[in-house]
Amino acid sequence: MKRRDLLKGGAAAAVAAGASTLAAPAIAQQRIEITVVSTWPRDFPGLGTGAQRFAQRLIDMSDGRFAVTYFAAGERVGAFDSFDEVASGNAQIYHAADYYWKGKHPAWAYFTSVPFGLTYTEINAWIRFGGGQALWDELAADSGLKNLMCGNTGVQMGGWFRKEMNSADDFKGLKMRIPGLGGDVLSKLGASPVSLPGGQIYENLISGAIDATEWVGPWNDAAMKFYEAAKYYYYPGMHEPGAMLAAGINKDFWEGLSTADKAIIEAATSMENDVMMAEYNAKNGASLVKLINEQGVQLRKFGDDIYDSFGQAAEQVFAETVAHSDLARRVHESFVQARTEVGGWTKISDQEYLRQRNRVLGV
């Protein structure tokens, strides 16, 4: 046999051996069962469909190796029971707004949105590069969780009201569905905040059990038909300027995953964080036009005096939150630093550009 034929044969054998060696781990990888529970109704636009899209993406990105079963609110556990379902290990991942858990620790609110808080771009900067993720990890670890960003609804509307809101006094005695620290702010103004999952808001508003509600924005709110009970639609919402949603993962499950599998989940959550915000931005404007032109909704802007009252009440709420614990204090201080530094840049970049662009174009 000629030397070059021998070398060719050896190379071919090496390639064949290498191919089988590389393929073996993929074949050996076993399916991973994942149960996802959420706080949203099935097929609900944006929130529900985003959670379902995230669950499907886990399947697709793992080429089916992640065997994911998705349960909407009420299908396996109640919406607000999803936290305990995952923390206990009965399910592996929840999709929710983490401010729902502020009764467990007030710092949870910061990892969805707080009054006078961060916009979508600002909270992304805080979580990824401003120390937010490390603080979130510390908070979540106490409950046996690992949490990641998994969606955002952007700046939310102020809410639906049966009457015009002309001053802060109009909030006295008002029963309003509003969770998180935003609800605590309104309580300082004499309102009675009520925390309800999305699927229960309409019936309570129609029946008169609540006088007003906030939810998300025009696209979602139109689907909920709140305009059938309340015609005054106020903006902007001080309570959720960039409502970040979360994938809460059971910590033991997370730590048992390979580095590659963790990367798949991180990529899926990050993609949904981007896609959901894009979808809301694309659909809110057209939905608002329809609400006004087809449903007779009256668009109103909160006056400066009302916003000033919101601000004063928010400072009281923050003072109480900081006093809760060392962790709450550190989360708040980190949040404030991001609001100052990132917000300062936003003011002279995005905000100032948009002001000038809209002035020139008459938008």
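Guide: What follows goes from the whole chain to the sheet, then to helix pairs and single residues. Keep in mind that this is a predicted model.

Visitor: Let us begin with the whole chain. How many helices and strands are there in the protein chain?

Guide: The protein chain has 12 helices and 11 strands. Its C-alpha atoms fill a box of roughly 95 × 50 × 45 Å along the principal axes. Of the 363 residues, 49% count as buried. Among contacts with a separation of 6 or more, 76% are between residues 24 or more positions apart.

Visitor: Next, the sheet. What is the order of the strands in the open sheet?

Guide: The order is β2-β1-β3-β10-β4, an open sheet of five strands with mixed pairing. From one strand to the next, the twist averages 20°.

Visitor: Which strands stand at the edges?

Guide: β2 (66-71) and β4 (145-152) do. Each has a single partner strand, so one side of each is left without a neighbour in the sheet.

Visitor: Which residues make the contact between α2 and α10?

Guide: From α2 they are Leu47, Gly50, Arg53, Phe54, Arg57, Leu58 and Met61. The α10 side includes Ile264, Ile265, Ala267, Ala268, Val275 and Tyr280. By class, the contact has 12 nonpolar, two polar and four charged residues.

Visitor: At what angle do the axes of α4 and α12 cross?

Guide: Helix α4 (residues 120-129) and helix α12 (residues 326-361) cross at roughly 125°, and their axes come within 10 Å. That makes α4 oblique to α12. α4 passes α12 in a right-handed crossing. Glu122, Ala125 and Trp126 of α4 make the contact, with Val331, Ser334, Phe335, Ala338, Val342, Gly343 and Thr346 of α12. The classes are six nonpolar, three polar and one charged.

Visitor: What about a single helix? Which residues of α6 are buried?

Guide: In α6 (residues 180-188), the buried residues are Gly180, Leu181, Gly182, Gly183, Val185 and Leu186. Their cover includes β6 (175-177), β7 (192-194) and α11 (304-322). After α6 comes glycine 190, with a positive phi near 95°.

Visitor: Now single residues. Is glutamate 214 buried or exposed?

Guide: Glutamate 214 counts as buried because its relative accessibility is 0%, and buried means under 20%. It is found in the loop between β8 (212-213) and α8 (218-224). Leaving aside residues up to four places away in sequence, glutamate 214 touches Gln156, Gly158, Gly159, Met176, Arg177, Ile178, Pro179, Ile201, His239 and Glu240.

Visitor: And is lysine 301 buried or exposed?

Guide: Lysine 301 is exposed, with a relative accessible area of 55%; the cut-off for exposed is over 50%. Its place is in strand β11 (residues 298-301). Leaving aside residues up to four places away in sequence, lysine 301 touches Tyr234 and Tyr235.

Visitor: How far apart along the chain are lysine 301 and tyrosine 234?

Guide: They are 67 residues apart along the chain, while their C-alpha atoms are separated by 5.4 Å. For glutamate 214 and aspartate 98, 116 residues apart along the chain, the C-alpha separation is 17 Å.

Technical notes
Residues numbered from 1 in each chain as written. Predicted model: local features only at pLDDT ≥ 70, side-chain atom pairs only at ≥ 80, totals over all residues. Heavy atoms only, no water. Axes fitted to C-alpha atoms, helices over the stretch in contact; angles between N-to-C directions. Helix = DSSP H or I, 4+ residues; strand = E, 2+ residues; numbered from the N terminus. Parallel < 35°, antiparallel > 145°, perpendicular 65-115°, else oblique. Left-handed = near helix turned anticlockwise from the far one by under 90°. Contact = heavy atoms within 4.5 Å. Nonpolar A, V, L, I, M, F, W, Y, C, P; charged D, E, K, R; others polar. Pairing = 2+ DSSP bridges. Buried < 20%, exposed > 50% of the residue type's maximum accessible area, 1.4 Å probe, protein only.
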